[in-house]
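Here is a short report on one protein. Look at the sequence and the structure first, then read on.

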Amino acid sequence: MHNGVVSVGVVMDKDIASEKRKRYDTGDHSEKFQRLYLDELKRAPGLIKLLGEGQLRTKEGEPPVKTTSDFSYAAREYAGDHYRIAGDAGGW
């Protein structure tokens with residue numbers, strides 16, 4: 001972003017995410033998602049290298065990791081002049 005902040009997200013299948021969350025059930029909702037998020041980032045060593053010394057940015061009263069589920073979208077067109085939408089962006 002313009003201020004040097006980078007937003008890094010993790011997207012996964014709803015059922016897989018549900019199973020993984022069970023492994024982190026500590027009773028603290030915010031801590032559970034933060035631990036899961038950081039462990040999932042470790043699965044992408046190239047990303048970790050790009051992030052370097054980056055740190056989670058926090059705002060008072062807000063959890064450092066935010067979650068959402070069933071984030072659905074659809075494109076009106078999946079192909080056109082010089083483009084084709086594929087993978088997750090294409091609804092796969």
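## Two residues in a predicted model

Arg84 lies in strand β2. The model is predicted, and strand β2 (residues 83–84) is where confidence is lowest, at a mean pLDDT of 82. Confidence is highest in helix α3 (residues 45–51), at 90. For the protein, the mean pLDDT is 81, and 87% of the residues reach 70 or more.

Is Arg84 buried or exposed? Arg84 is exposed, because its relative accessibility is 69% and exposed means over 50%. Leaving aside residues up to four places away in sequence, Arg84 touches Tyr78 and Ala79.

Now turn to Lys20. This residue, Lys20, is found in helix α1 (residues 14–23). Its relative accessible area is 12%. The cut-off for buried is under 20%, so Lys20 counts as buried, at 12%. Lys20 touches Met12, Leu36, Glu40 and Arg43, again without residues up to four places away in sequence.

The table sets out the accessibility of each residue.

| Residue | Relative accessible area |
|---|---|
| Lys20 | 12%, buried |
| Arg84 | 69%, exposed |

What about the whole protein? It has three helices and two strands. From the N terminus on, they run α-α-α-β-β. The protein has 92 residues, and 12% of them count as buried. Its accessible surface comes to about 8,200 Å². Carbon and sulfur atoms hold 50% of that surface.

Technical notes. Residues are numbered from 1 along each chain as its sequence is written. This is a predicted model: local features need pLDDT of at least 70, side-chain atom pairs count only at pLDDT 80 or more; totals for chains, interfaces and linings use all residues. Side-chain values use heavy atoms; hydrogens and water are left out. pLDDT is the predictor's confidence in each residue, from 0 to 100. Helices (H or I, at least four residues) and strands (E, at least two) are DSSP runs, numbered from the N terminus. Buried means under 20% relative accessible area, exposed over 50%, partly exposed in between (1.4 Å probe, protein chains only). Contact means heavy atoms within 4.5 Å. Accessible areas come from the Shrake-Rupley method with a 1.4 Å probe; for residues, only the protein chains shown count as cover.
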